[in-house]
Amino acid sequence: MAWLSLKVLLVGVSFLGCLYPLVDFFFSGETRGQKPNFVIILADDMGWGDLGTNWAETKDTVNLDKMAAEGMRFVDFHAAASTCSPSRASLLTGRLGLRNGVTHNFAVTSVGGLPLNETTLAEVLREAGYITGMIGKWHLGHHSSYHPNFRGFDYYFGIPYSHDMGCTDTPGYNHPPCPACPRGDRPPRSPERDCHTDVALPLYENLNIVEQPVNLSGLAQKYAEKATQFIQRASTSRRPFLLYVGLAHMHVPFTRTPLAAGPQDGTPYASGLREMDSLVGHIKDRVDRTAKENTFLWFTGDNGPWAQKCELAGSVGPFTGLWQAQQGGSPAKQTTWEGGHRVPAVAYWPGRVPINVTSTALLSVLDIFPTVVALAGAGLPPDRRFDGLDASNVLFGRSQTGHRVLFHPNSGAAGQYGALQTVRLEHYKAFYITGGAKACDGSVGPEQHHKPPLIFNLEDVAEAVPLERGSAEYQRVLPKVGQVLADVLQDIAHDNISRADYTQDPSVTPCCNPHQIACRCQTTSQTDVSTSRDIRK
């Protein structure tokens with residue numbers, strides 16, 4: 001543990017400007033050949049139907065479709081929550097929000113983040129000898145010890161939260177539109193309620209803000225460059241690596257950049273989808289050229305599309321939540337309808353994951369943590385319980401059995417944050433609460449509590465007609481749903497659970513120059529990953 005303490009010290013010193021963080025790629029531990037590398041790519045607000053191989057109407061994901069043809073595609077794969085911070089916390093801990101404490105999103109002014117007594121995937125792998133990097137959106141706390149560099153990541157480059165949570169000079173497409181950052185002595189224009197104009201969006205490299213406001217038109221290119229640099233340097237070392245990429249796509253705002261090559265169909269969303277696909281293609285190409293046989297690449301999403309963004313929201317495919325749509329409001333992001341949490345997922349590992357396979361196993365973002373830990377030969381953190389499972393047998397084609405039960409927490413629509421009021425049991429799904437999310441037309445479905453619950457047979461993929469409460473099928477399923485829900489709540493009550501600090505303080509807002517309007521600062525030269533820590537030993 002001494003080397004780990006030294007790394008934390010070095011990062012801490014860098015915060016004082018005395019020493020830039022040093023990634024020791026040539027740590028004299030176990031060789032990379034003994035352990036696999038991992039690249040986890042998490043899309044933002046991407047719909048199940050945004051993946052071309054899922055939905056024939058989508059033509060903009062040629063790289064992801066190729067990766068699916070060369071690997072395994074999952075069609076019953078689910079986010080751990082239907083909004084940003086809780087889903088990401090579950091990915092990095094393997095635990096639902098009622099256990100890890102993260103039940104809703106953190107703000108620009110949040111003092112806390114993912115509770116410090118929660119152990120992240122990066123921390124587990126770093127102790128197992130891995131070099132760890134994170135590129136992109138974090139959204140699990142940026143202040144003090146909640147920053148990625150203190151949560152197991154040796155290297156970080158990205159935006160600490162969603163890229164609509166600060167103004168820029170290139171605001172891009174949003175619905176409704178948001179203004180650019182103010183300049184000079186001009187006060188900010190009166191924005192829409194969801195626009196941030198007081199503080200510019202920051203871009204971090206490790207603990208340093210290197211750009212504020214971020215130039216969104218060049219962000220995808222920077223992410224591609226930093227990710228490929230990290231893979232290149234790590235793959236030539238003797239250490240295995242973990243790279244976690246939190247994409248800005250497909251969250252608003254959108255911008256067009258040269259990275260998105262190919263035919264144009266004239267819509268900002270399609271252009272953004274092509275840009276995202278191109279970025280993923282760059283990362284996969286680097287893996288293929290440097291560490292193909294020993295690198296497991298897992299692509300998925302944090303939640304479904306944000307329906308209230310109208311033409312700037314993605315496709316849920318056939319998972320239209322018709323029952324809710326007929327009541328009014330959205331059945332997508334923030335909700336527990338399939339459109340809110342069923343997400344695209346593709347696994348790629350030549351020679352290990354069978355090619356051109358479609359898996360119907362019921363799996364979740366929660367499974368990434370225990371699966372990667374097992375494949376790395378590491379151990380799960382003790383004294384706590386996990387909601388994910390090791391999906392290795394599914395990944396390697398030895399099984400089609402995933403979860404029997406999944407729980408979909410309330411994620412900002414109806415009900416208390418994080419509460420488990422939607423239950424997936426085999427091919428049935430029970431709702432104890434519905435409504436609460438805004439649709440494109442501005443309607444918000446009324447919050448409705450269902451006792452006994454609505455139960456759908458998911459052969460009705462549109463969730464259009466619930467089972468008749470008096471039917472034999474309903475009466476057979478109802479007690480089973482009640483029992484598994486009671487069991488998980490009892491299990492959580494006896495678990496080692498955490499509580500996130502959601503207090504806010506404007507003084508913790510990222511700001512590289514508080515004397516400038518909107519915290520503007522000149523862009524500093526960004527460091528090549530290969531020199532961001534000392535590798536010349």
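P452 is placed in strand β16 (residues 448–457), strands being DSSP runs of E of at least two residues and helices runs of H or I of at least four, numbered from the N terminus. The peptide bond that leads from K451 to P452 is cis, with omega near 0°. The structure is a predicted model, in which local features need pLDDT of at least 70 and side-chain atom pairs count only at pLDDT 80 or more, while totals for chains, interfaces and linings use all residues. Residues are numbered from 1 along each chain as its sequence is written, and side-chain values use heavy atoms, with hydrogens and water left out.

A cis peptide bond also runs from Q212 to P213, with omega near 10°. P213 belongs to the loop between β7 (208–211) and α6 (219–235). In the loop between α10 (368–375) and α11 (392–395) lies D383, a residue other than glycine whose phi is positive, near 65°.

Five disulfides (pairs of cysteine sulfur atoms within 2.5 Å) are found in a search of the whole structure. One of them links C178 with C195, at an S to S distance of 1.9 Å. This link is left-handed, with -85° about the S-S bond. Both C178 and C195 lie in the loop between β5 (155–158) and β6 (203–205), so the pair ties together parts that are 17 residues apart in sequence.

Helices α2 (residues 62–69) and α7 (residues 268–290) pack at an angle of about 50°, and their axes are 7 Å apart. Axes are lines fitted to C-alpha atoms, for helices over the stretch in contact, and angles run from 0 to 180 degrees between N-to-C directions. Helix α2 is therefore oblique to α7, as angles under 35 degrees count as roughly parallel, over 145 as roughly antiparallel, 65 to 115 as roughly perpendicular and the rest as oblique. The contact (heavy atoms within 4.5 Å) involves V62, N63, L64, K66 and M67 of α2 and M276, D277, S278, V280, G281 and K284 of α7. Five nonpolar, three polar and three charged residues make up this contact; Ala, Val, Leu, Ile, Met, Phe, Trp, Tyr, Cys and Pro count as nonpolar, Asp, Glu, Lys and Arg as charged, and the others, Gly among them, as polar.
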